Amino acid sequence: MRKRRSVRAVTALALAATSLLGAQVAAGGGASARTTTTTASAAAPAPAAPAVPAAPAVLPALRQWQAGTGEFTLRASSRILLDPRYAGGLAADARTFAADLAAEGVPALPVAVAAPAGARPGDLVLTEDPAALPDQGYRLDVTADRATLTGGAPAGVFYAEQSTEQILGTARGHDRLPAGTGQDAPSSPAVGDGERGLMLDTAREYWPVGAIEQTIRQMAWLKLDTFHWHLTDSEAFRLRLPGYPGLAAARSYRPADVRAVLDYARRYHVRVVPELDIPGHATSLTAYRPALRWDCPSMNQVIHAGRIDPGFTVDITKPASVSWLDGLVDSVLQVFDAADAPVVHLGGDETPDAQLQSQCPELTQYAATQGYRSPEDVFLAYENHLDRLVRAHGRTMEMWGWWPQVGGGASVSVDKDVLIQAWLGDEAGFEAQGYRVVVSNEHSRLYVVPKALPGTGNGNYIPDDTALYSSYAPAASPQLTGVEMAEWGDIAFEQPWSYFAQYLRRPMEALASATWRGPQPSASLSDYEALADYVGGPPGVGAPLSPVEPGTAAVDAAGYTGPAVAVRAVRITPRSGATADLAGLVGGSVEGCAQGPDSGCRVLARVTTTPALDALTLPAADTSQAYGWFRWVPGTATATPARIEVLTPGAAEATGVRVVVASGEVTIADGGDRAILPQELRVAGTPVGGLRAGALPPGGTETVRVDTEALSGVLTADLTYRQVGSAVDRFTVRGTATLPVRYRSPAQAYNDIGSTDDANPELGNLDGAQDSLSRQALPAPGGTVTAGPFAYTWPATPAGDPDNVLAQGQTIPLGGGPATAIGLLATATYAPAGGLSASGTVTYTDGSTSDYTLTVPDWSAGTGPVAVATGVVNANGRAQAARTADLYSLAIPLDAGKQPASLTLPALPGYLGSKSPQLHVFALATAR
């Protein structure tokens, strides 16, 4: 058994001056290190007092700050005061500002219009100074009497509001600002109409409207201003357009959804750029309309020879195809109005290369007929055709800069008014030709491509945030209009949107700093990430980690000894960006030990997915107990982190008040020496009732029942309270828990796309190698599959949507009265010879349980209790193969006379990967 080294927690270091210590965390072969429980002063010299921060905590960090004397405090009479010269352009933002402050715990502030000279003590004054500030630049002037937020235009005032919300959010009581003067503006070139953008690939993985809005709010919080909405690709068309019934995937966006996103984005000063990807990446279109496909074999390959895709690229030599696509573009332009989406992206990338083009008779003949020098000219002329179509609607067209990669010696030039998104490191070439360019250089770490669980190093496709933060700067050019980070959903089709979101958090923070302050050669990314943890997320928006409370300390889990500490979160830093060091952390966990180096230990956080190249911050599973030792437990992990830190409770929690979240209830515990007066409790951002009217005495607890049945994942509860006898009039403390997902049926637990339509098998991934079952060879959706005593209902989900449960310990309820057995319509992938053996639990209505073990044959075994035999597989690369592909009926006997309440599936690793044995459950049934 691998031995584990334990280390004593060090004394808290004030987060405002945290520098992550260089001590290495030891793990593996050595014996556990044991230290006595002593105070820091007895074990080592006390740490030096932390330096006073040069500026208040703001994301990105303020470029300039001159500290004043004293502080500004909100009062009962405080207002948001609009300068009458600019009130028309600032009124809507002021109302949003007031609502955001209320979500932070600030009492509702009225919005008034009056000259700044008439401001009362405690007012927040909003005004503009276009002569002194760029449009998106802002200035904060804070005195003891008032705080004046000045922008070069409404956008600048809005960013001043974001910074003010961040400062108030980290202030005790959420009601004070340090006196001083600060100023900031985006770094060149992203000033004025420039872009600081983020692209989301919602074609490969559907993001709910609420998730998109949450991402837009996080963008605005970080002062990013452009949301690129990738709506279509080979895998799916995600936009429901009038006149195109059946084109959109089952999970797609209605015009009303688009309107909601546009309205929300406008509210937070984020521009939307919709993308319809044509003429390549169009398999979802050609599956809907086969006449769009090419007849020649060479153009039915993807980019280069070797990968067959009969519908990846539309045949634009056919007038009917061009006309049909024109109508499609026109419909998209009608859904996204010009006021909110003045730029429309039309793809244009990854069409077949020059060699494949030259082998297509209809393409070469068409090019010759039109007088073009090369077949590639046909595609470039088509882009100009689209540009004219878009300009006729008063819009600007954007496209991916792809044609230099084709190598066709084209003579047609793309119109210079087309905005080019450069992603292959060739932005300088486009700029030299006079194009306006948005840089998304994948080689500069501006791509986020997590791929399949547990994530991969992916080479260039996980951002190097250290480089992005400390040294990245696109080459200065008047043609450069901005920088955009792109999140892609390749080869992770079965993952929920939250999987991708966790990989976006740190890169977005680094991008924000790079586009506001530029390279930071003298600052540490670790310090900046600690600042981001301290500031937390925007008010009213759920986050993967609770915002770190004021006064929170980072405790390095290696160094001198100190008193036991409670833990809010764990921060894990990889040793390097090498794939082995990153992927090798998966399966490891950080434990806190209360009674000694190896006793009284509990898992605080577990690494379940490959981290990015920077610190991985995870919420602690247990915030109720103090721990004196921490240790890294490898588990299945093969790597050791460079550093482990724990984030301790903040100033509010230092009063001894805790909030403990559990399923169905929230408990408030006063562990301090003064009574408290609870004022408001919010669960998942929503106020809940049931708080006691009087004071909670020291040592007392109060439990409030809350409805968490519909909630899962990281759940937060925020308590605002007063401490009797304290000079501070308001504290806020947060409790966090991770609640299990609750399923009401097997269909709710579907998390894998195991079958696909023969015309578009792109999304399928039953085995981790993008192979899937053919829908045409399976029972009809909603049909019955009878096998022995079991009558299964075949999944009714549309093609391309999840249709089976990848077993990872899910608990699924059962109904229908007493039964003698439970049947699983299932199969295994990469099962060993003899089948995959896996165990789970049945829970009965009387509360008792029984264990079971299944042996599931591999889908290609051809033996065992076969219930469905398809005989065909939609393979990766679009080729369909005739081969054994079976589903099996497996029986779990039940205790006699008992009624099953739920079935807990075997707890397998839970992610698809080549050679990784997995169990797939398509349906459940019971036998009486």
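1. Start with Ser-513. In this predicted model, Ser-513 is buried, with a relative accessible area of 2%. Helix α13 holds this serine. Which residues does Ser-513 touch, leaving aside its neighbours within four places in sequence? The contacts are Pro-60, Tyr-469, Gly-518, Gln-520 and Tyr-528.

2. Follow one of those contacts. Pro-60 sits in the loop between α1 (40–43) and β3. Pro-279 belongs to the loop between β12 and α6.

3. Tyr-499 and Tyr-503 make an edge-to-face aromatic pair, with 5.5 Å between centres and 70 degrees between planes. Tyr-499 has 5% relative accessibility, so it counts as buried. Tyr-503 is also at 5%, so it counts as buried.

4. Now the chain as a whole. It has 928 residues, and 58% of them count as buried. It contains 16 helices and 47 strands. Among contacts with a separation of 6 or more, 74% join residues 24 or more positions apart.

5. Check the confidence. The mean pLDDT of the chain is 84, and 86% of the residues reach 70 or more. Residues 1–53 have pLDDT below 50, though this stretch has 129 contacts in the model beyond near neighbours in sequence. Residues 543–553 also stay under 50, with 53 contacts beyond four places in sequence. Where pLDDT is low, the predicted coordinates should not be read in detail.

6. Helix α7 covers residues 319–335. Its 17 residues reach 25 Å from first C-alpha to last, close to the expected 24 Å. Its buried residues include Val-322, Trp-324, Leu-325, Asp-326 and Leu-328. What covers the buried residues of α7? The cover includes α5 (255–267), β12 (271–278), α6 (283–288), β13 (343–347) and α10 (376–392).

7. The count of aromatic pairs comes to 25. One of them joins Tyr-244 and Trp-324, edge-to-face, at 5.6 Å centre to centre and 80 degrees between the planes. This pair links distant parts of the chain, 80 residues apart. Tyr-244 is in the loop between β11 (226–230) and α5, whereas Trp-324 is in helix α7. Both residues are buried.

8. One aromatic cluster is formed by Tyr-138, Phe-158, Tyr-159, Tyr-264, Tyr-268 and Trp-516. Charges meet rings elsewhere. Arg-883 lies over the face of Trp-859, 4.6 Å from the ring centre. Lys-898 places its charged end over the ring of Tyr-844, 5.3 Å from the centre.

9. Strand β9 (residues 176–184) pairs with β3 (residues 64–73) in the antiparallel sense, over 7 bridges. Gln-64 stands opposite Gln-183 in β9. Strand β7 (residues 138–142) pairs with β9 too, again antiparallel, over 5 bridges. In that pairing, Leu-140 stands opposite Gly-182.

10. Strand β26 (residues 657–662) shows two faces. Which residues lie on the covered face of β26? They are Val-657, Val-659 and Val-661, while Arg-658, Val-660 and Ala-662 form the uncovered face. In a regular strand the side chains alternate between the two faces of the sheet. Strand β26 pairs with β27 (residues 665–670) in the antiparallel sense, over 6 bridges. Val-657 stands opposite Asp-670 in β27. The hairpin has 2 residues between these strands, and Gly-664 takes a positive phi near 85 degrees.

11. Last, two residues other than glycine with positive phi. Most residues other than glycine have a negative phi. His-269 has phi near 55 degrees and lies in the loop between α5 and β12. Glu-350 has phi near 60 degrees and lies in the loop between β13 and α8 (354–358). Glu-350 is buried, at 18%.

Methods: Residues numbered from 1 in each chain as written. Heavy atoms only, no water. Buried < 20%, exposed > 50% of the residue type's maximum accessible area, 1.4 Å probe, protein only. Helix = DSSP H or I, 4+ residues; strand = E, 2+ residues; numbered from the N terminus. Pairing = 2+ DSSP bridges. pLDDT = per-residue confidence, 0-100. Contact = heavy atoms within 4.5 Å. Expected span 1.5 Å × (residues − 1). Phe/Tyr/Trp six-rings, centres within 6.5 Å; stacked < 30°, edge-to-face > 60°. Lys NZ or Arg CZ within 6 Å of the ring centre and 35° of its normal.
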